[in-house]
Amino acid sequence: MSTSTVVHLADLLRTRLKAIRSPFRILPPGRIAVLVLATLRHDQRLLDLAGGNSVAESTLHRWRDEMIGLLAAKAERLDRALRKIARRGGEVVLIDGTLIPTVRRTGKGDRPYYSGKHHRHGLHFLALTDENGRLIWISAGRPGRTHEATAARRDKIVEHLKAASLGALADLSFLGVDKPDDPDDLVIVTGYKATRARRLTPGQKQANRVLAAARAPVEHGFANLKAWRILTKLRTDPARATALLRALLVLTDLEVNR
């Protein structure tokens, strides 16, 4: 981790302590920032870190949740993120979905979290990047069986894109999300899909290859996000996963674009 990221987290905590008038912690803000980053980046066990730093496991757990909340609050909303891209002169964004693996849940609540596409349990997230693959927004977490098109409709991606006068490049899982009366008003470009009854023409195949090349940077954005090993298999409550992902989005931006 870069020194600038540690300093940024320590400054956030100092501001928080000043706001709540809590001048004392067992460890200094810089040390707390390092411990929290260790749990997020390397998925270190809280019990191991707590024992090695003479603090209670519950205290370190509370510090981690506090820091996640402070970082998640800095993640931009969808409309603001898109307007910022438009102000910079951008014309399109890249959209894709990803599954973050989770531990299995007990009882009937386990079923919605199983993804038939990935053959594992997890939480589904939508993410947007700019043309260079820099993550700009991530959605709320949904059960793993959620389809990309369904998630895009619930988040009103098309409406937000139109409001910002931007287009989006997506894969075939987003086919049908955008259905304008006029084909020229299409804002989500998905390429062409072959069927048993209709094969793609050479021109359509070439268009798909061009689209795939333009969409490649979105995978770099996901790779940077998943470098945080806590996402290898989430053990947290799904209700808290959205805050965690948005906090990691802010940290990823600090690390990649420093």
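This is a predicted model: local features need pLDDT of at least 70, side-chain atom pairs count only at pLDDT 80 or more; totals for chains, interfaces and linings use all residues.

Biologist: Okay, how many salt bridges does a search of the whole structure find?

Modeller: The search turns up 17 salt bridges. One of them pairs the side chains of D11 and R14, with N to O at 2.9 Å.

Biologist: How many residues apart are D11 and R14 in their helix?

Modeller: They are 3 residues apart in helix α1, which covers residues 3–19, so about one helical turn separates them.

Biologist: Now R16. Which residue does the side chain of R16 meet in a salt bridge?

Modeller: That's E66, and the N to O distance is 3.3 Å. E66 sits in helix α4 (residues 57–72) while R16 is in helix α1, so this pair ties together parts that are 50 residues apart in sequence.

Biologist: What about E66, buried or exposed?

Modeller: Buried: E66 has 17% relative accessibility, and the cut-off for buried is under 20%.

Biologist: Got it. Which residue forms a salt bridge with D253?

Modeller: R134 does, and their closest N and O atoms are 2.9 Å apart. This pair links distant parts of the chain, 119 residues apart: D253 belongs to helix α10 (residues 238–256), and R134 is in the loop between β3 (120–129) and β4 (135–138). As for accessibility, D253 is partly exposed at 26%, and R134 is partly exposed at 27%.

Biologist: Changing topic: which residues form the negative surface patch?

Modeller: D181, D182, D184 and D185 make up that patch.

Biologist: Let's pick D184. Where does D184 lie?

Modeller: D184 is in the loop between β6 (167–169) and β7 (188–189).

Biologist: And why does D184 count as exposed?

Modeller: Because its relative accessibility is 69%, and exposed means over 50%.

Biologist: Great, thanks, I'll go and find these in the viewer.

Definitions and conventions. Residues are numbered from 1 along each chain as its sequence is written. Side-chain values use heavy atoms; hydrogens and water are left out. Patches are made of residues with over 30% relative accessible area and no salt bridge: like charges are joined within 9 Å, nonpolar side chains (Val, Leu, Ile, Met, Phe, Trp, Tyr) within 5 Å. Accessible areas come from the Shrake-Rupley method with a 1.4 Å probe; for residues, only the protein chains shown count as cover. A salt bridge is a side-chain nitrogen of Lys or Arg within 4 Å of a carboxyl oxygen of Asp or Glu. Lys and Arg count as positive and Asp and Glu as negative; His and the chain ends are not counted. The place of a charge is taken as NZ of Lys, CZ of Arg, CG of Asp or CD of Glu. Helices (H or I, at least four residues) and strands (E, at least two) are DSSP runs, numbered from the N terminus. Buried means under 20% relative accessible area, exposed over 50%, partly exposed in between (1.4 Å probe, protein chains only).
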